[in-house]
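Subject: Structure handover

Hello,

Please find the structure below. Notes on what was found in it follow.

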Amino acid sequence: MPYIISRFITLGFCLILVLIWSGPAFAVQQHGGAEGLVSHQIGHILFISGLIYLLYRVYHNRITGPGWFEFKTFLWLAIMWNILTFSGHWMQEIIDPGLFIKEGSQIMAFAVTDSFDAFYYLTRLDHLLLVPSFLFLLFALQKWRRLQ
Amino acid sequence: MEETAVIISWTPVIVVDILGSVLTLCLAILCANSSWRWLKQKTDDIFRQYIFLLTLAIVFFAISRSFGHLIKQILLLNDMPGIWNQISPFSGAVNSAIFIIIFAFGIYFHRVQKVHEEIEKFRKNLESLVDERTTQLTETNQALQNEIAERVHIENELRQANITLENVLESSNPLCITGLDFEIIRANKAYREIWPLKSDHGDRKIKCFDSRPGYLCHTEECILQQILNGREEITIESAKHYFMGETKTFIISARPLKDATGNLIGIVESFQNITDRIEAETAKVELIDDLQEALDKVNLLSGLLPICASCKKIRDDKGYWNQIETYIRDHSEAEFSHGICPDCAQKLYPGLYKKIKK
């Protein structure tokens with residue numbers, strides 16, 4: 001237990017450092033400035049890389065058994081969500097702001113003129129991938145717990 | 001040609017964003033709880049620790065992102081985009097940092113899996129080794145118990161045999177076991193009451209010729225010597241000196257004592273005291289002689305005796321004529337008392353005889 005706590009504290013400390021030290025990165029929803037978007041996109045790339053490597057190792061080592069199908073499904077969904085979100089962030093920068101129909105500062109509608117716009121609209125529904133991925137992660141953990 | 005635009009409501013985006021964030025938040029908390037409970041079942045399992053930390057990182061990401069999205073929607077719906085502009089960089093920074101952490105966990109998976117598999121393999125080997133050794137120990141223990149039971153049984157039998165031997169030895173005549181070096185190995189109580197077992201030289205065993213000296217000792221007729229020369233059984237009559245100095249006569253029976261492999265290791269001698277019998281025999285012989293002598297005297301009286309026809313004198317072996325009373329008195333235990341028979345009384349004292357008759 002002390003080992004877990006020390007790891008937890010280290011992780012928390014790193015997060016606090018990042019929070020305190022980072023300047024206005026404008027990372028996620030509003031990436032003001034190219035630097036903020038680039039760093040965030042690099043984060044997504046690293047996230048995808050880590051998940052892909054994890055998936056590769058699970059397949060390569062032929063790890064099977066209860067819970068592993070669900071875990072692999074979580075990884076696939078998480079990778080797809082990352083790709084979708086990565087695309088959405090990038091498309092956000094080049095999409096025509098005139099396609100957003102606003103009332104004041106509120107976006108009320110979106111004008112889809114081509115497939116690019118349609119895909120962009122889909123990237124804004126990323127939770128449709130994120131929620132199932134967490135669901136499968138939960139299923140995997142529950143199956144592993146029941147194994148004992 | 002003008003492009004035709006399809007107007008799609010933005011409400012689904014907002015709804016999916018809010019609901020999705022809430023669901024992601026709930027699911028993330030459930031995942032954290034599930035991984036924690038799984039870890040608690042076996043805290044020393046390295047793989048469980050890894051999955052817990054990975055899940056924790058993913059959950060942190062989900063929580064920070066969900067909070068970020070929810071706060072964003074709330075602020076935008078309340079027409080406060082400026083505040084969101086202030087908050088969003090921090091939210092984004094947290095997510096970026098967690099992306100890096102998840103990446104690190106991802107590439108560490110292989111090493112953790114390897115270590116976990118090796119530990120499991122060692123544990124299984126150890127368990128099977130322990131099972132195997134336990135089985136061996138159980139079998140050895142069982143064999144040992146069987147051996148102990150057998151030894152106890154043998155010891156009991158040996159003890160019983162010793163007790164029987166002791167009873168037999170103590171109930172018999174004096175008996176001793178003498179080694180090939182003439183030392184007395186063992187003797188029963190009857191022997192010890194007659195001859196000493198302690199040597200004059202401290203704790204050394206006493207020699208047989210010191211314990212019960214006899215006229216056969218140090219000769220070729222020595223019983224042990226004869227057994228060593230190959231005789232199987234010897235029974236002799238011999239005189240032995242008692243420890244108090246007197247001499248007694250014994251019938252000594254000796255047999256070789258051999259070990260389990262048939263090698264001669266000594267002799268077993270028993271001593272039957274026949275001194276009383278010898279004395280009785282001697283007394284008997286003397287009595288017989290006396291009786292014979294008496295009988296001789298009795299026979300003289302029963303033979304032909306030369307007797308004078310007139311005076312009734314008897315002639316003895318030397319030729320002398322003796323009065324009959326004298327001869328009978330000398331040749332028997334008889335005595336005479338004199339009287340007168342009626343015929344002689346009438347002849348010698350007629351007057352007195354008539355008076356007595358009247």
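How many nonpolar, polar and charged residues does the lining of the second largest pocket have, by class? The lining has six nonpolar, five polar and seven charged residues. Here Ala, Val, Leu, Ile, Met, Phe, Trp, Tyr, Cys and Pro count as nonpolar, Asp, Glu, Lys and Arg as charged, and the others, Gly among them, as polar.

Some conventions before the rest. This is a predicted model, in which local features need pLDDT of at least 70 and side-chain atom pairs count only at pLDDT 80 or more, while totals for chains, interfaces and linings use all residues. Residues are numbered from 1 along each chain as its sequence is written, chains are lettered from A and ligands numbered from 1 in the order in which they are written, and side-chain values use heavy atoms, with hydrogens and water left out.

Confidence

The complex has an ipTM of 0.77 and a pTM of 0.54 from the predictor. For chain B the average pLDDT (the predictor's confidence in each residue, from 0 to 100) is 86, and 94% of the residues score at least 70. Where pLDDT is low, the predicted coordinates should not be read in detail.

Pocket

Grid points are joined across faces, edges and corners, and a volume is the space filled by probe spheres set on the points.

The second largest pocket holds about 450 Å³. Its lining counts 18 residues, with Leu147(A), Trp38(B), Asp45(B), Arg48(B) and His116(B) the closest to the centre. H3(B) gives the most to this lining, six residues.

Cavity and salt bridge

Three cavities of 30 Å³ or more turn up in the whole structure. The second largest cavity has a volume of about 140 Å³. Among the 14 residues lining this cavity, those closest to its centre are Arg212(B), Cys222(B), Ile223(B), Lys240(B) and Glu269(B). E4(B) gives the most to the lining, with three residues. By class, the cavity lining has nine nonpolar, two polar and three charged residues.

Glu269(B) and Arg212(B) also form a salt bridge (2.5 Å, N to O), the term meaning a side-chain nitrogen of Lys or Arg within 4 Å of a carboxyl oxygen of Asp or Glu. The two are 57 residues apart, Glu269(B) in strand E6 of chain B and Arg212(B) in the loop between helix H5 and H6.

Regards

Key. 1 Å grid on protein atoms, 1.4 Å probe; cavity = no way out; pocket = protein on both sides within 12 Å on 5 of 7 lines; lining within 4 Å. Helix = DSSP H or I, 4+ residues; strand = E, 2+ residues; numbered from the N terminus.
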